[in-house]
Amino acid sequence: MLGPPGAGKGTQAARFARSRQVPHISTGEVLRREREKDPELDRQARATMDAGRLVDDDVVIGIVRRRLAQPDTRDGFVLDGFPRTLMQAEALDHLLDDGVPLVVVDIEVPEETLIERLRARRVCARCGAPATAALTTCGACGGPLIPRSDDDDRVVQERLRVYAEQTQPIVEFYRRRPTFRSVDGDQPQDAVAADISSAVAAVLGVQ
Ligand SMILES: [Zn+2]
């Protein structure tokens, strides 16, 4: 699943994976877990992400390769946060067995909407649950909400610039394939989810 920061990609990927009962592979989450075990990787990744940049291709490709080797991916999986660069997209083609269809869904959202959404993102200071500026306290634990460390204005602009420079070319890389679909992400969450579901069904043939 592709889409710029703030497109709702993580939420939609989780939702789609649940509905199809396949694993949701968020490279951001896997990377966070690996960082907890490896202080040096943690230090490097923190410096990179705090600057709004992307973690090294080799690190991310290694993570995805190990994850796709797990038996639970046999009947399918949803990739979220990968590929983010052309090199990662090419590596993914090599990681997949011949004949496995790679359905690519791109969630499209206008830049002004993305900036508004990213500015409104909050995270619970106590439990880490995601929230928005529309709330005053955490819905899960009642804790105080703070802006995400990677969401201040300068970092938001940098993330969108990095997206346009490194990730947008991936959309072009996939666009000509018959398995590519783009979905309007500037509508309510349920409508986006329904569009994703029918886009995938159309590619795979109704299942
Ligand atoms: Zn909380």
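**Stop 1: a loop residue**

Select aspartate 72, which lies in the loop between helix 4 (57-68) and strand 2 (78-80). Helices (H or I, at least four residues) and strands (E, at least two) are DSSP runs, numbered from the N terminus. The structure is a predicted model, in which local features need pLDDT of at least 70 and side-chain atom pairs count only at pLDDT 80 or more, while totals for chains, interfaces and linings use all residues. Residues are numbered from 1 along each chain as its sequence is written.

Is aspartate 72 buried or exposed? Aspartate 72 counts as exposed because it has 11 C-beta neighbours inside 10 Å. A residue is buried if 20 or more other C-beta atoms lie within 10 Å of its own, exposed if 12 or fewer, and partly exposed in between; the C-beta atoms are placed from the backbone.

**Stop 2: helix 4 and helix 5**

Select helix 4 together with helix 5, whose axes come within 10 Å and cross at roughly 25 degrees. Axes are lines fitted to C-alpha atoms, for helices over the stretch in contact, and angles run from 0 to 180 degrees between N-to-C directions. Helix 4 and helix 5 are therefore roughly parallel to each other. Angles under 35 degrees count as roughly parallel, over 145 as roughly antiparallel, 65 to 115 as roughly perpendicular and the rest as oblique.

To display the contact, select Asp57, Val60, Ile61, Val64, Arg65 and Leu68 of helix 4 with Met87, Gln88, Ala91 and Leu95 of helix 5. Two residues are in contact if their C-beta atoms, placed from the backbone, lie within 7 Å. By class, seven residues of the contact of helix 4 with helix 5 are nonpolar, one is polar and two are charged. Here Ala, Val, Leu, Ile, Met, Phe, Trp, Tyr, Cys and Pro count as nonpolar, Asp, Glu, Lys and Arg as charged, and the others, Gly among them, as polar.

Next, select proline 83, in the loop between strand 2 and helix 5 (86-95). A cis peptide bond joins phenylalanine 82 to proline 83, with omega about -5 degrees.

**Stop 3: helix 1 and helix 8**

Select helix 1 (residues 9-20) and helix 8 (residues 189-204); their axes come within 10 Å and cross at roughly 55 degrees. Helix 1 and helix 8 are therefore oblique to each other. In this pair, Thr11, Gln12, Arg15, Phe16 and Ser19 of helix 1 meet Gln189, Val192, Ala193, Ile196 and Ser197 of helix 8. The residues of this contact comprise four nonpolar, five polar and one charged.

Zoom in on glutamine 189, which is placed in helix 8. Glutamine 189 counts as exposed, with 12 C-beta neighbours inside 10 Å. Which residues does glutamine 189 touch, not counting residues up to four places away in sequence? They are Gly8 and Thr11.

Then move to glutamine 21, in the loop between helix 1 and strand 1 (24-26). Its phi is near 55 degrees, a positive value in a residue other than glycine.

**Stop 4**

Two strands pair if DSSP finds at least two bridges between them.

Strand 4 (residues 121-124) is joined to strand 6 by three bridges. Cysteine 124 stands opposite leucine 145 in strand 6, and the bridge partner of arginine 122 in that strand is proline 147. On the other pairing, valine 123 has proline 130 of strand 5 as its bridge partner. Strand 4 and strand 5 form a hairpin with five residues between them, and glycine 128 in the turn has a positive phi of about 85 degrees.

**Stop 5: a parallel pair**

Finally, select strand 3 (residues 104-108), in which four of the five residues are buried. Strand 3 pairs with strand 7 (residues 180-184) in the parallel sense over five bridges. Glutamate 108 has aspartate 184 in strand 7 as its bridge partner.
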